[in-house]
Amino acid sequence: MKYAYYPGCSLESGSAAYDKSVKAVIEQLGFGLDELDDWNCCGATEYFSQNELVATSVIARNLALVDDRHDQLVAPCAACFLNLKKTDKLLAEQPKIRGKVDQALAAGGLRYRPGRVQVRHLLDVLYTDIGEQAIKAKVVQPLTGLRVAPYYGCQIVRPLNGFDNPEYPMKLDEMFTWLGAEVVDYPVKAHCCGGHMTQISEENAFELIRRLLQSAADYRADLILCMCPMCQLNMDMYQGRVNNFFNTKFKLPIVYFTQMLGVALGIDMKKLGFGKELVAAEPVIRGKLEGQTAAATK
Amino acid sequence: MAEKIGVYVCHCGSNIAGKVDVEEIAQWAGENLDDVAVSRDYKFMCSSLGQQMIEDDIKKEKLTRVVVGACSPHLHEKTFRRACSNAGMNPYLMDLTNIREHCSWVHKDRSLATEKARALISAAVQRVKHQEPLEPMYVDVNPATLVIGGGIAGLQATLELADAGYHVYLVERLPSIGGHMAQFDKTFPTLDCSACILTPKMSEAGQHENVTLLTYAELEEVSGSVGSFKVKIRQKSRCVDYDACTGCGICVEKCPRKVLDTEFEAGMGNRKAIYMPFPQAVPRVPVIDQDSCIWFERQKCRACEKLCPTDAIKFDQEDELIDIEVGNIIIATGWKPFDSKKIPQYGYGRLANVYTSMEFERLCNAAGPTNGKIVMRDGKTVPKSIAIVHCVGSRDDRHNPYCSGICCMAALKFGHLVLEKTDAEVYSFYIDMRTNQKNYEEFYQRLLGEGMRFVRGKVSEVTDAARMPTEQGKLIVQCEDTLIGRQQRYPVDMVILMGALEPQEDARELGLKCGISCSMEGWYTERHPKLDPVATMTDGVFVAGTCQGPKDIPASVAQGAAAAARVAGMITKGKVMIEPIVASINEQACSGCKICNNMCPYNAIEFIEETETSRVITALCKGCGTCVAACPAGVITGAHFNNKQIFAEIEGALWDALQPAAESSSQAETVPASAS
């Protein structure tokens, strides 16, 4: 298996911390991800409802760009992952659309046979392909004492994801028990964060975000682990607005799971993109982990 | 001398005629196939008029062979054989070819289906010419019967036969007979006490002079066939001398090791390492659970041994293999509950006050761990509201597509018990309310009157994530109420998951041992879903109760009795016909290599030491043909399936492919033209 890497637009801007930490973690694990040359935007959640054919073609272009040396395409962003996966399935099952998409690709000198590339989410690759033993072997800073709330969001766990239970996913939970963290089994981990609802109806969006923060706080989580730029943005950037709106006092750092994985692997926090989040994560993490180290040395 | 063949093509109403042009085929066969003297089609060939037609033709036209194109031989081979027999023809000179299940029912295109039916009829005509007259054999039926499974279906079957004066071996895997019914408190819709109606049957079976009870025992192996099965039973070691034990219970009382009882108490209560599952257990002989006994763990204790007044404790007792011989077998192995953890969004195992239906049965039971008090996991709080979730693992593509049949009624029963014992509100979350047996709908109406609340919708999740102050500390059931078309949240104290009924884990394995098959899901397949519900495709093996599919107590009892009646009929008749379709070995040509001896799945081939050759024991042979194919010298013949017959059948099926070759010999000049 050889892995091509599709970072997606968010990782180039708003969620640079995700990109940075993915690269650092991958390097530390001695694992190869080859970034796709000349990739384009996946169209996010909107394009499919605007124009299915164009949306499919735009995504199919990325699949077609995966060269013969690679058979896996890894996406860290939940929306990109879902779009790529959905398109591959659509092309395989709907010959009508496929015919038109083939024409569009041919105009650019490209072609794609559905199923040639396996679309994988980064979590799946880390969990399944690298696996428990290899990851555990590289842990130098166990996350002992840190209570993490894994948040899957709603896109990675659609039924076609192929690696985790769509109703009650557990893979990220399991991975963080490997790292020694106290994993919070809270009930809303696959509920929706509202996506772009903040742009349409703030009140509804705030309520969706509040539910997530509330449940994690009820379960006494120190921080929430994300694997989608949209979710991170909603829960982090809007946390203050949610507090104002509901008169709550949430102060939960929202970080990418790769950032915390990086910490466990002993990577310097500076190289993991910490500090870009609005609710600062570093003091919480340091507080917990150093407290632990101090207790251990006593 | 050329044969005179009669061909009869059945319309089966529109079952065959709807997709196959039967008239055309009958006419074609009469005009084109050699040796066909008569060829007819008829609306229902299996009707008495259809049979009469065949009989008349055999007599009038002096037919020597008959081909019927109709349904599966499973259904009507016997019918048409009898018709031929009535007219004085050997019944094995008839061939029934299946143009319904194998053709009209499975094809969409009428012309292609017609062509296939044509090929099948042609194949049968070629084959039937080579069929030979055979004479069936008869063997005595052993009047003893084996019943596997001591739940209500097996108990009923056992008692029916035993009361009729026949001996029954009742084999039960667990330490006591009684099955799931022994775990229940009340039974729907009459609400009579489950134990009160079950235990008399249990003790009757335990004391009956015609019943040999083998509990804590499993079926190991079956050989032989209808009328004379040889069965090996593994009597697992109880570590207790069955005959010496008086059932006084001192050992159980004094045993210091308590373990969670996941079987009878469904994980709601404890038992000891030496135990009887429940007070009314039959037999009253305890077993030592070797996985939890202190002696087996670290060679200490032996309290039970020291205190036993009759020295019945035997730590060194080993499993025993018991050989029995029976004429018939009734399988009544029941069901197992769905593992509700497979639906994690319902929270079972994660949220304390989510219960399975079996757990709730024990909670309601006056003899259960709470003496019938409905309390939450803390053991004291009485719930103020309870949600009952239907179809957990049933009617769900991701788990089991089928309806488990009993859960709606069981949910209503739970509702009644809760309303009777507590002040709690009860909500039922159903997809469709299925109450379609005698007095069931009336029970539903009764619960509507009693104030049970019904919400039509499939529950999407059970969560403890409160959104409103009223939800704090509650379990929230999220569900779309499809009657008002709105998402609703119901905060409750307790949730009961009505898990599906599933086939036993090893149903397939047991089926293989007894030579019967399972459906996709793992329920045993009956001989005919409507007209032969307790027989199976293997003569002498019957099924009863939920091992054949989900059903309630009345239906299980009915099947147990039905299976017993079928067996009693066989015993009364005294003899059973064995198909003469068996293998035979040309002993003069046999080299005695013994390859066939080991291949035979029925142990039907013996080796004769004096002559150093093998011989088929015809009473045991099933005619499967394994040895025929395996014999390196080719000296084994399968009656009714010999090479000549099979090759003729293949040639017949390929009639159209062989046609040009036949023409080419008569019209040699046209060959080059058609070849180019």
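Modeller: Before we look at helix packing: an axis here is a line fitted to C-alpha atoms, for helices over the stretch in contact, and angles run from 0 to 180 degrees between N-to-C directions.

Biologist: OK. What kind of model is this, and how are the residues numbered?

Modeller: This is a predicted model, where local features need pLDDT of at least 70, side-chain atom pairs count only at pLDDT 80 or more, and totals for chains, interfaces and linings use all residues. Residues are numbered from 1 along each chain as its sequence is written, with chains lettered from A and ligands numbered from 1 in the order in which they are written.

Biologist: What does the model score for ipTM and pTM?

Modeller: ipTM is 0.80 and pTM is 0.84.

Biologist: And what does chain B average in pLDDT?

Modeller: The average for chain B is 94, and 97% of the residues score at least 70. pLDDT is the predictor's confidence in each residue, from 0 to 100.

Biologist: Which stretch of chain B is below 50?

Modeller: Residues 664-676 of chain B. Beyond near neighbours in sequence, that stretch has 1 contact in the model. Two residues are in contact if their C-beta atoms, placed from the backbone, lie within 7 Å.

Biologist: Back to the helices. How do H3(A) and H5(A) cross?

Modeller: Helix H3 (residues 52-65) and helix H5 (residues 95-107) of chain A have axes that come within 9 Å and cross at roughly 60°. The two are therefore oblique to each other. As for the cut-offs, angles under 35 degrees count as roughly parallel, over 145 as roughly antiparallel, 65 to 115 as roughly perpendicular and the rest as oblique. Helices (H or I, at least four residues) and strands (E, at least two) are DSSP runs, numbered from the N terminus.

Biologist: Which hand is that crossing, left or right?

Modeller: H3(A) passes H5(A) in a right-handed crossing. A crossing is left-handed if the near helix is turned anticlockwise from the far one by less than a right angle, and right-handed if clockwise.

Biologist: Which residues meet there?

Modeller: H3(A) brings A:Leu53, A:Thr56, A:Ser57, A:Ala60, A:Arg61 and A:Ala64, and these meet A:Ile97, A:Lys100, A:Val101, A:Ala104 and A:Leu105 in H5(A). By class, that contact has 7 nonpolar, 2 polar and 2 charged residues. Ala, Val, Leu, Ile, Met, Phe, Trp, Tyr, Cys and Pro count as nonpolar, Asp, Glu, Lys and Arg as charged, and the others, Gly among them, as polar.

Biologist: How about H6(A) and H7(A): at what angle do they cross?

Modeller: Roughly 20°, with the axes of helix H6 (residues 122-137) and helix H7 (residues 171-178) of chain A coming within 10 Å. That makes H6(A) roughly parallel to H7(A), and their crossing is left-handed. On the H6(A) side the contact includes A:Leu126 and A:Tyr127, and on the H7(A) side A:Met175 and A:Trp178. The contact divides into 7 nonpolar, no polar and 3 charged residues.

Biologist: Zooming out, which domains make up chain A?

Modeller: Domain 1 (3-121) and domain 2 (134-297). Those bounds come from an automatic or database domain assignment. Taken over C-alpha atoms, the domain centres of chain A are 25 Å apart. The contact takes 23 residues from domain 1 of chain A and 25 residues from domain 2 of chain A.

Biologist: Which helix supplies the largest share on the domain 1 side?

Modeller: H1(A), with 9 residues. Helix H1 (16-28) and helix H4 (78-93) of chain A each supply at least two residues of that side. It splits into 13 nonpolar, 7 polar and 3 charged residues.

Biologist: How many residues of chain A are in contact with chain B?

Modeller: 8 residues of chain A, with 7 residues of chain B. The chain A side has 3 nonpolar, 2 polar and 3 charged residues.

Biologist: New topic: where are the cis peptide bonds in chain B?

Modeller: One joins B:Phe188 and B:Pro189, with omega about -10°, and B:Pro189 sits in the loop between strand S8 (186-187) and strand S9 (192-193) of chain B. Another runs from B:Val282 to B:Pro283, with omega near 0°. B:Pro283 is in the loop between strand S15 (274-275) and strand S16 (287-288) of chain B.

Biologist: Last one: what is phi of B:Lys62?

Modeller: Near 55°, a positive value in a residue other than glycine. B:Lys62 lies in the loop between helix H2 (48-61) and strand S3 (65-70) of chain B.
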